[in-house]
Amino acid sequence: MNENEAETGPERRSDAFAELMALAEAAKPTFWGFLGCELAHAERGKAIVSLEVRPEHLNLARIVHGGVLASLLDNAMGLVVILECPGEKTVTTQLNVHYLQSAGLGEIRCEALLIHKSRRTLTMQGRIVDNKGELLAWGSGTFRRVT
């Protein structure tokens, strides 16, 4: 078995899945869990996080609060950063959100992708869609490794 097969073989995938599930479990008592984020998919460079919108996620206009969407983007992009930099501390240094459409109750999903990585920073992009696939918001974020 060569080096590439070891990284992508069934045992390596099983270990990575177990690590992701442990990470998702550890996140439950944090803001991730308070918000209601659920890990839908993750692999190196990409993550999908879902959120079942509850009444407390809505603003007075009865639509999803913009802060919820921003937090979902930050959480999904941050998860990709954690996968790219295991064991390292990282922080969000910039978050840009473009709100396109409103949503109410129901499931929303955020897909986050790594678009650039340097020695100290990672640049991400993310998209939030509703359960019909309609684009609600998109954003970008920059994360920095800290010592």
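Trainee: Let's start with Asn96: is it buried, exposed or partly exposed?
Mentor: First, this is a predicted model, where local features need pLDDT of at least 70, side-chain atom pairs count only at pLDDT 80 or more, and totals for chains, interfaces and linings use all residues. Residues are numbered from 1 along each chain as its sequence is written, and side-chain values use heavy atoms, leaving out hydrogens and water. Buried means under 20% relative accessible area, exposed means over 50%, and partly exposed is in between (1.4 Å probe, protein chains only). Asn96 comes out at 31% relative accessibility, so we call it partly exposed.

Trainee: Which residues is Asn96 in contact with, leaving aside its neighbours within four places in sequence?
Mentor: Asn96 has its place in strand β3. Contact means heavy atoms within 4.5 Å. Leaving aside neighbours within four places in sequence, the contacts of Asn96 are Trp138, Gly139 and Ser140.

Trainee: And how many Å separate the C-alpha atoms of Asn96 and Gly126?
Mentor: Along the chain, these two residues are 30 residues apart. Between their C-alpha atoms, the separation is 10.0 Å.

Trainee: Okay, zooming out: what pattern does the protein follow along the sequence?
Mentor: Here, helices (H or I, at least four residues) and strands (E, at least two) are DSSP runs, numbered from the N terminus. The protein has 4 helices and 6 strands. Read along the sequence, they give α-α-α-β-β-α-β-β-β-β.

Trainee: What percentage of the contacts between residues at least 6 apart in sequence join residues at least 24 apart?
Mentor: You can see an example in Ile108 and Val49, which touch and sit 59 residues apart in sequence. Among contacts in the protein between residues at least 6 apart, the share joining residues at least 24 apart is 61%.

Trainee: How many of the protein's residues count as buried, as a percentage?
Mentor: The protein has 147 residues in total. The share of them that counts as buried is 35%.

Trainee: Which residues have the most contacts inside the largest nonpolar core?
Mentor: In soluble globular proteins, nonpolar side chains tend to be buried together. A nonpolar core is a set of buried Ala, Val, Leu, Ile, Met, Phe, Trp, Tyr and Cys residues joined through side-chain atoms within 4.5 Å. The largest one here has 32 residues, and those with the most contacts inside it are Val49, Val64, Leu72, Ile108 and Ile128.

Trainee: Which element gives the most residues to this core?
Mentor: The elements giving two or more residues include α2 (10-27), β2 (46-53), α4 (66-84) and β4 (106-117). With 9 residues, the element that gives the most is α4.

Trainee: What is the relative accessibility of Ala112?
Mentor: Ala112 lies in strand β4. Leaving aside neighbours within four places in sequence, its contacts include Ala47, Ala76, Val80 and Gly126. Ala112 counts as buried, because its relative accessibility is 0%.

Trainee: Last one: what is the phi of Arg62 near?
Mentor: Arg62 is found in the loop between β2 and α4, and Arg62 counts as exposed at 53% relative accessibility. Most residues other than glycine have a negative phi. Arg62 has a positive value, near 70°.
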